[in-house]
Amino acid sequence: MDDQVPAAVPALVFERECLPVLVGGSAVPGRFAVGGADVVMGPAGTVVIVEAGDAPAGSGVWNAEEVRLVGPAPAPVVERLMGAPWGVGGGELPIHIAVRAGGGVLYLGTARVSQAGTSDGVLTDCELRLEAPLSRELLDRVRPPLPSERLPDLEWLGEVNGDRAAALERFVTGWYPLADAAGSPVAGSPLDGSASRLPDGLRRLYRLAERRPGVLGVQNRIVPEQGLRTDPLGEMLVFGVENQGGFFWSLLWTLEEPEADPTVWFREFDEEPMAEREPLSGFLIQFSLFEASMGAEYLALPRRLTAPQVERLTEALCLVPLRPFWRGAPTHFYVAPGLVLHVTSTDGEAFDAWAGATHRSALAPLADLPVDWNRFDG
């Protein structure tokens, strides 16, 4: 059973005939449940059996090369997968991957532990790398694609250079699911009278974040309304920060009514501030696109690209018609339903790209490109 088997073995046959061979002997092996998967261990090996389907929060096949176990897992499983001995030679024993699908079991081959996390000695997550990547046909059997009509649409794109507030709202509500309602009202900003002095675009973003907090960012962050502060001179309102505090974005803060669409100022450490190319309305769209892609469950991460490769990568996507984002490294955005790709270059010759998607099916436009991927979840 070293090769992929395209036909499913009846579940009872797999349990009675295949499992004893894979784990060693006919004695009842150790069997444990981990996040919806069964981990069966014996003196000759380990078998991880997951369910076919599409449940990001549970154990299962993630992409053509990766199977994920989501804990908690009991101590014997931790010991076996983390390399400590369980029985005889636990750390060197093969790990076999199988998937239950339609009353049968598909054998996917062997895998190795490539990454694992623990908390207080309990396995919380484990990434298993398949020795032989799955074909697209087999991947679609064990991780079914999503119908295209269930992916977020691109209606918002037509409003980017029209009603930008509407464009932002349509993108955010299409990309992020509703979170549970907050248990109590969020306190206002400590800045006196700040709510009425905030530009309309920022106030709208905060209202969206009440039910979709992810829009405030996962890599960089929009400062929550209750945390807004001015700079030490009281001249600029700092509303966005880089994840390590290396740079920030701010708006001019005056006693007058706010501009309808003010300039956004980028500042790195103690350098002179620079104006972002887009005013607040465009900046918030770009920030939201960047953070949506960075925080996505499903990723496509190519290695560094040349200009011709970028052209191939983006030819099936739609360019977001805004001037480059982020003064630190000019960035353009390309989109498809449920997909955001950002491309960055500091010299115009070498390019970095990062794509995020709401579902692996949304990565389909990139699937057959001649690109060297660090990671591809489609």
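Biologist: What should I know about numbering and confidence?

Modeller: Residues count from 1 along each chain as its sequence is written, and side-chain values use heavy atoms, without hydrogens and water. In this predicted model, local features need pLDDT of at least 70 and side-chain atom pairs count only at pLDDT 80 or more, while totals for chains, interfaces and linings use all residues.

Biologist: How many helices and strands does the secondary structure hold?

Modeller: Helices are DSSP runs of H or I with at least four residues, strands are runs of E with at least two, and both are numbered from the N terminus. Here they come to eight helices and 21 strands. The C-alpha trace spans about 80 × 45 × 35 Å along its principal axes.

Biologist: What percentage of the residues is buried?

Modeller: Buried means under 20% relative accessible area, exposed means over 50%, and partly exposed lies in between, with a 1.4 Å probe and protein chains only. Of the 378 residues in the protein, 46% are buried.

Biologist: And what share of the contacts joins residues 24 or more positions apart?

Modeller: A contact means heavy atoms within 4.5 Å. Take the contacts with a separation of 6 or more: residues 24 or more positions apart account for 59% of them.

Biologist: Now a helix. Where does α1 bend?

Modeller: The bend at a residue is the angle between axes fitted to the seven residues ending there and the seven starting there. Helix α1 covers residues 11-23 and bends by about 35° at E17. A proline, P20, follows within four residues.

Biologist: Which residues of α1 are buried?

Modeller: Start with the general idea. An α-helix has 3.6 residues a turn, so residues three or four places apart point the same way. In α1, the buried residues are F14, C18, L19, L22 and V23. They pack against β1 (9-10), β2 (30-34), β3 (37-42), β4 (45-51), β7 (95-101) and β8 (104-119).

Biologist: Which backbone angles deserve a look?

Modeller: Most residues other than glycine have a negative phi, and most peptide bonds are trans. G24 follows α1 with a positive phi, near 100°. A cis peptide bond joins G71 and P72, with omega about 10°. P72 sits in strand β6.

Biologist: Is R68 buried, partly exposed or exposed?

Modeller: R68 is partly exposed, because its relative accessible area is 23%. This arginine is in strand β6, residues 66-73. Beyond four places in sequence, R68 touches S59, G60, W62, C126 and R375.

Biologist: Which side chain makes a polar contact with that of R68?

Modeller: A polar contact is a pair of N or O atoms within 3.5 Å; within protein, one must be able to donate a hydrogen and the other to accept it, and residues adjacent in sequence count only if both atoms are side-chain atoms. The side chain of R68 makes one with E66, at 2.5 Å.

Biologist: How do I read cavities and pockets?

Modeller: Work on a 1 Å grid over the protein atoms alone: a cavity is a set of points where a 1.4 Å probe fits but cannot get out, and a pocket is an open set with protein on both sides within 12 Å along at least five of seven lines. Lining residues have an atom within 4 Å of a point. Points are joined across faces, edges and corners, and a volume is the space filled by probe spheres set on them. The largest pocket has a volume of about 470 Å³. Its lining has 24 residues, and the closest to its centre are W175, Y176, P177, E297 and T358. Helices α4 (164-175) and α7 (280-294) each supply at least two lining residues.

Biologist: How many cavities of 30 Å³ or more are there?

Modeller: There is one. The largest cavity has a volume of about 60 Å³. α4 gives the largest share of its lining, three residues. Among the lining residues are P152, W156, F171 and W175.
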